[in-house]
Amino acid sequence: MQLAICSYSFNRLLKRGEQDIFGYITTCRELGCTQLDPWLGHLEPLREGDRTGREDLSEDDRRYIDAVAQAAVDAGLPMGCIAVDGAHIYEDEPAKREANRRMARRWLAIAAGLGATRVRIDAGGPEEMPDDVFEVIKAGYGELIEVAAKDGVAVLTENHWGPSRHPANVVRLLDEIPGLELLFDSYNWAPGKQGDGWLSCASRASSTHIKTFHFTADGQELTQNIPAVIDLLLDAGYAGPWGVESVPRAVDEIEGARRTIALIRKCVEGREAMAARSA
């Protein structure tokens with residue numbers, strides 16, 4: 001069973017200065033993860049280039065990338081999916097689009113240096129995604145997919161914000177943009193669209209964020225039916241990593257990640273045990 005924790009799950013620890021990327025790697029190893037899914041916030045030293053608009057990597061960047069990559073190797077945890085905010089494809093102004101594209105290409109180079117296999121970059125744009133907006137998004141993703149493929153890196157969209165909160169838009173992106181993959185988030189759907197999103201997109205997932213907020217005493221999640229979404233993913237043949245994105249309200253972040261992993265394990269291993277009994 002493949003397990004990962006998106007490092008956004010520890011954003012409060014990061015903000016308080018109680019965790020950095022190296023602490024994240026250690027925590028993932030201690031919690032039984034099989035890969036690392038860092039959010040760019042945990043790679044803060046690399047963000048200076050984003051702020052200055054540089055696309056190339058400095059010598060300091062490369063030394064830091066090498067140090068992080070070595071820490072991952074030492075922990076026995078390969079890099080999986082890097083979640084990149086702020087490099088979304090669509091902006092109304094061409095100059096802003098190009099600035100975002102430079103940032104995206106920069107993070108593709110960072111991913112290659114870290115040995116990551118996937119990078120999540122948002123579509124951006126208005127929720128309704130009219131045809132002219134879609135064409136900009138399609139062209140932007142097409143360019144990045146071509147660049148990323150040279151280093152064996154996949155580009156993922158996510159149902160996150162803007163048009164991607166609507167299942168029909170996610171399906172259109174995946175259907176019409178060759179090579180684009182999906183980071184399936186269990187929670188981030190427009191109001192009333194979660195069921196549609198689960199049913200239409202579970203079969204398209206190549207990576208996941210299982211989102212959790214509130215737990216009962218016996219380990220169930222109160223916000224959504226996690227066993228149901230895991231069943232749908234398994235029924236659709238999902239065999240990728242189970243990614244945790246916990247945002248706990250009543251426990252600390254490490255405990256929130258621990259409880260989410262326990263719930264995922266219970267669901268997946270329960271299905272495996274049932275299949276074994278019926279074989």
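## A first look at the fold

With 279 residues, a compact globule would have a radius of gyration near 19 Å, and the protein agrees with this at 18 Å. That radius is taken over C-alpha atoms, and the globule rule is 2.2 Å times the number of residues to the power 0.38. This is a predicted model, in which local features need pLDDT of at least 70, side-chain atom pairs count only at pLDDT 80 or more, and totals for chains, interfaces and linings use all residues. Residues are numbered from 1 along each chain as its sequence is written, and side-chain values use heavy atoms, with hydrogens and water left out.

Along the principal axes, the C-alpha atoms fill a box of roughly 55 × 45 × 35 Å. Of the 279 residues, 51% count as buried; buried means under 20% relative accessible area, exposed over 50%, and partly exposed in between (1.4 Å probe, protein chains only). Among contacts with a separation of 6 or more, 75% come from residues 24 or more positions apart, where contact means heavy atoms within 4.5 Å.

### The sheet and its helices

The protein has 10 helices and 7 strands. These are DSSP runs numbered from the N terminus: helices are H or I with at least four residues, strands are E with at least two. The 7 strands form an open sheet with parallel pairing, in the order β1-β7-β6-β5-β4-β3-β2. Two strands pair if DSSP finds at least two bridges between them. What stands at the edges of the sheet? They are β1 (3-5) and β2 (81-84), each with a single partner strand, so one side of each is left without a neighbour in the sheet. On average, neighbouring strands are turned by 30° against each other, direction ignored. Axes here are lines fitted to C-alpha atoms, for helices over the stretch in contact, and angles run from 0 to 180 degrees between N-to-C directions.

Inside the sheet, strand β4 (residues 154-158) and strand β5 (residues 181-185) run parallel and are joined by 3 bridges. T157 stands opposite L182 in β5. Helix α5 (residues 94-114) packs on the sheet, where it touches β2, β3 (118-121) and β4, and its direction makes about 155° with that of β2. Another helix, α9 (residues 226-235), lies across β5, β6 (205-212) and β7 (242-246), running at about 175° to β6.

### Charged pairs

Side chains of opposite charge can pair when their charged atoms come close. A salt bridge is counted when a side-chain nitrogen of Lys or Arg is within 4 Å of a carboxyl oxygen of Asp or Glu. By this rule the count comes to 28 salt bridges. Here are some of them:

| Pair | N to O distance |
|---|---|
| R101 and E143 | 3.6 Å |
| R258 and E255 | 3.2 Å |
| E255 and R259 | 3.0 Å |

R101 is buried, with a relative accessible area of 8%, whereas E143 counts as partly exposed at 30%. Both residues belong to a network of salt bridges that links E55, E98, R101, R105 and E143.

R258 and E255 are 3 residues apart in helix α10 (residues 253-278), which means they are separated by about one helical turn. E255 and R259 both lie in helix α10 too, 4 residues apart, again about one turn of the helix. R258 is partly exposed at 41% relative accessibility, E255 is partly exposed at 23%, and R259 is partly exposed at 30%.

The side chain of D61 reaches the backbone nitrogen of S58 at 2.9 Å. Not counting residues up to four places away in sequence, D61 touches P45, L46, D56 and R106.

Further along, L77 sits in the loop between α4 and β2. With a relative accessible area of 5%, L77 is buried. Leaving aside neighbours within four places in sequence, L77 is in contact with I25, C28, R29, C33, T34, Q35, L36 and A72. From C-alpha to C-alpha, L77 and S58 are 25 Å apart in space, and 19 residues apart in sequence.

Conventions:
A polar contact is a pair of N or O atoms within 3.5 Å; within protein, one must be able to donate a hydrogen and the other to accept it, and residues adjacent in sequence count only if both atoms are side-chain atoms.
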